[in-house]
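Q: I am new to this structure and would like to learn how to read it. Could we go through a few features together?

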Amino acid sequence: MLNRRHIRVKVMQALYALHQSENPDLLKEEKFLNASTAQMYDLYLILIDLLVEIHAHAKDILERSQQKMLATESDKNPNLKFVNNPVLIKLSENELLQKELKKAKLNNWRLDSEYVVLLYNALLESDFYADYMASASTDFKQDRDFVIDFFTEIVAPNDKLYDYLEDYRLTWVDDLPVVNTTIVKRLGKLKPNSPESTILPKLYKDEEDRQFAKDLLLRTARNDEEYEAEILGNTPNWDQDRIAALDKILIKMALCEFLRFSSIPVKVTINEYLELSKEYSTPKSSIFVNGVLDRLVKKYKKDNRLNKAGRGLIE
């Protein structure tokens with residue numbers, strides 16, 4: 001689930017917290033990094049669980065309507081297409097998902113059920129729901145596409161849900177785009193006979209990415225003075241106190257990749273940190289960051305300091 005760009009975001013946040021701390025503690029920030037990535041998985045779980053609870057809410061409404069003293073014909077013979085959606089049933093009956101939720105002690109939608117009602121009502125008002133319920137034909141792909149549409153058009157863009165998630169855990173705001181994309185991909189992989197694990201992604205793609213996160217944090221922090229000196233020596237016309245703290249952190253992370261990560265191409269590093277500076281720092285930060293990195297890459301090439309093992313990694 002975590003791609004390399006988002007790993008860099010997580011490390012950037014940990015380094016910024018370290019920079020802001022009155023009593024810097026690298027071990028504490030390493031724990032913060034681990035916790036922050038684990039909480040991203042929690043976000044994934046509760047959003048999947050939200051679909052499960054909306055489905056359960058629809059079933060409950062249907063059952064109660066059938067028990068009315070003065071039940072109408074539509075109450076007695078309701079359209080069951082939504083509650084019988086095989087993808088939603090598959091999610092609802094996924095024991096592995098429930099174990100993960102229980103292990104993480106995630107019970108959000110039982111406590112904050114108004115969001116379940118809010119999103120279900122929004123679904124009922126949508127045109128694609130009406131089209132789906134009116135369609136006589138059905139197959140697993142159609143049912144799956146409907147659930148994906150439900151998530152992408154109703155759940156993911158909902159402002160009130162966004163505000164709730166932001167209030168619940170601030171770091172989730174940065175995680176949402178990655179998590180939402182992962183949910184859509186995982187839903188798209190579901191088939192009638194898919195194992196329960198299909199819907200549950202790995203947090204890291206592999207052990208190499210997990211190690212990358214740890215190494216980038218530790219190697220950047222432990223060599224902070226070296227990178228600070230490099231920035232100071234290559235920004236002679238800049239008032240050091242006016243350089244944004246986040247710009248410095250991004251430059252230091254890039255220098256760390258230049259000098260201490262042999263398998264990451266220079267172009268990849270530069271592009272990644274330019275994008276991060278555009279997204280997280282000041283409007284003019286990308287110009288500043290690009291200028292400093294370009295100057296230092298030329299210097300490192302000249303001094304043969306770029307630690308790159310492989311064709312095409314320095315260009």
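A: Gladly! Let's start with pockets: a pocket is an open set of grid points with protein on both sides within 12 Å along at least five of seven lines, and its lining residues have an atom within 4 Å of a point. Keep in mind that this is a predicted model.

Q: Which residues lie nearest the centre of the largest pocket?

A: Met1, Asn3, Pro177, Val178 and Thr181 do, out of 17 residues that line the largest pocket. The volume of this pocket is about 340 Å³.

Q: Which elements give two or more residues to that lining?

A: Helix H1 (4–20), helix H11 (172–189) and helix H15 (266–280) do. H11 gives the most, with nine residues. By kind, the lining holds seven nonpolar, four polar and six charged residues.

Q: Which residues in H1 are buried?

A: Buried means under 20% relative accessible area. In H1 the buried residues include His6, Ile7, Val11 and Leu18.

Q: Is Phe288 buried or exposed?

A: Phe288 has a relative accessible area of 7%, so Phe288 is buried. This residue lies in helix H16 (residues 285–302). Phe288 and Leu274 are 14 residues apart in sequence, and their C-alpha atoms are 9.4 Å apart in space.

Terms used
Residues numbered from 1 in each chain as written. Predicted model: local features only at pLDDT ≥ 70, side-chain atom pairs only at ≥ 80, totals over all residues. Heavy atoms only, no water. Helix = DSSP H or I, 4+ residues; strand = E, 2+ residues; numbered from the N terminus. Buried < 20%, exposed > 50% of the residue type's maximum accessible area, 1.4 Å probe, protein only. 1 Å grid on protein atoms, 1.4 Å probe; cavity = no way out; pocket = protein on both sides within 12 Å on 5 of 7 lines; lining within 4 Å. Points joined across faces, edges and corners; volume = space filled by probe spheres on them. Nonpolar A, V, L, I, M, F, W, Y, C, P; charged D, E, K, R; others polar.
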